[in-house]
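Here is a quick walk through one protein chain, written for someone who would rather look at the structure than read tables. Keep the viewer open and follow along.

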Amino acid sequence: EPAHHAAWVRDLGNRNGTWVDNVRTERGRISAGSRLRLGRTEIFVVEQGQRGDARGDGLVAASWQMIEILGKVERLAKSVSPVLVWGPSGAGKEGLARALHTRGPRASHPFVAVNAAAIPRDLVESELFGHERGAFTGADAMRRGVFEQADRGTLFLDEIGELSLSIQARLLRVLDNWSVRRVGGESERQVDVRLVCATHRDLRLLVTRGAFRAALYYRLVQ
């Protein structure tokens with residue numbers, strides 16, 4: 001029975017019982033993220049959308065594990081907190097980041113993706129935060145960094161585990177006050193960005209080794 005942003009399910013005499021989120025029930029409320037079990041059949045409830053369904057962002061899931069992840073995506077898409085996606089290369093981390101964007105309130109604003117591992121080390125700061133004209137040799141014009149480019153939208157920062165400790169410190173400052181200062185600049189600019197990061201590395205292990213800042217890690221997994 002449909003309800004506002006949900007539905008009610010009633011057991012009509014199923015001999016094996018009707019289970020909602022592992023609780024047997026005769027009448028229960030279900031919504032996106034709920035598990036419905038009818039005998040041997042298990043149903044995972046997802047929210048149907050316009051931009052955000054599989055037809056809009058290209059995500060199609062068959063395994064139970066991925067369906068569970070898409071349920072988390074539906075819930076996290078409406079949040080403003082940073083998200084950390086872990087998985088091996090080629091696992092579809094950017095697809096999940098794009099789904100978080102398209103299924104959330106920032107869908108009409110920019111989605112900017114950058115791979116930290118692919119940026120030359122001496123250009124990482126400029127790529128992320130931008131630079132003013134003449135800030136360094138070859139800086140013939142002002143350039144906005146990806147944080148400014150993604151303003152009001154979503155920034156997907158892939159392979160965050162490859163960033164140096166000094167860049168991590170600057171990134172942590174951005175998360176503290178949501179402002180960036182271009183390389184060679186004197187003033188800070190406010191940005192409004194949903195940050196989604198990804199890595200194939202074990203950041204907790206890097207924290208214990210002193211290769212990743214603990215404060216930044218806990219900001220990403222809060």
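## The chain at a glance

The protein chain has eight helices and 15 strands. Both are DSSP runs numbered from the N terminus, with helices being H or I of at least four residues and strands being E of at least two. Bear in mind that this is a predicted model, where local features need pLDDT of at least 70, side-chain atom pairs count only at pLDDT 80 or more, and totals for chains, interfaces and linings use all residues. Residues are numbered from 1 along each chain as its sequence is written, and side-chain values use heavy atoms, with hydrogens and water left out.

Of the chain's 222 residues, 41% count as buried; buried means under 20% relative accessible area, exposed means over 50%, and partly exposed is in between (1.4 Å probe, protein chains only). The accessible surface comes to about 12700 Å², and carbon and sulfur atoms hold 49% of that. These areas come from the Shrake-Rupley method with a 1.4 Å probe, and for residues only the protein chains shown count as cover.

## Contacts and charges

Among contacts in the protein chain with a separation of 6 or more, 60% are between residues 24 or more positions apart. A contact here means heavy atoms within 4.5 Å.

As for charge, the chain has 33 positive and 26 negative charges, and their mean positions are 4 Å apart. Lys and Arg count as positive and Asp and Glu as negative, while His and the chain ends are not counted. Each charge is placed at NZ of Lys, CZ of Arg, CG of Asp or CD of Glu.

Two strands are said to pair if DSSP finds at least two bridges between them. Antiparallel strands β1 and β2 (residues 6-10) are joined by two bridges, and A3 stands opposite A6 in β2.

Another open sheet has four strands, ordered β4-β3-β6-β7, again with antiparallel pairing. At the edges stand β4 (23-24) and β7 (41-44), each with a single partner strand, so one side of each has no neighbour in the sheet. Four bridges hold the antiparallel pairing of β6 (residues 35-38) and β7, with R37 opposite E42 in β7.

## A covered strand and a covered helix

How many of the six residues of strand β15 (residues 194-199) are buried? The count is six of six, and the strand is described as mostly covered. In a regular strand, side chains alternate between the two faces of the sheet. In β15, R194, V196 and A198 point one way and L195, C197 and T199 the other way, and all are buried.

Now look at the partners of β15. Strand β8 (residues 83-86) pairs with β15 in the parallel sense over four bridges, and L84 stands opposite C197. Strand β12 (residues 154-158) also runs parallel to β15, joined by four bridges, and here L157 has C197 as its bridge partner.

Helix α3 (residues 93-102) is mostly covered too, with seven of its 10 residues buried. Those buried in α3 are K93, L96, A97, A99, L100, H101 and T102.

## Aromatic pairs

Rings of Phe, Tyr and Trp (its six-membered ring) pair if their centres lie within 6.5 Å; planes under 30 degrees apart count as stacked, over 60 as edge-to-face and the rest as tilted. By this rule there are two aromatic pairs. F129 and F147 have ring centres 6.0 Å apart and planes at 10°, so this pair is stacked. The pair links distant parts of the chain, 18 residues apart, with F129 in helix α4 (residues 124-129) and F147 in helix α5 (residues 146-149). Both F129 and F147 are buried.

For Y217 and Y218, the ring centres are 5.2 Å apart and the planes lie at 70°, so the pair is edge-to-face. Y217 is buried, at a relative accessible area of 12%, whereas Y218 is exposed, at 53%.

R75 sits in helix α2 (residues 64-76) and is partly exposed, with a relative accessible area of 47%. How far apart are the C-alpha atoms of R75 and V124? They are separated by 32 Å, and the two residues are 49 residues apart along the chain.
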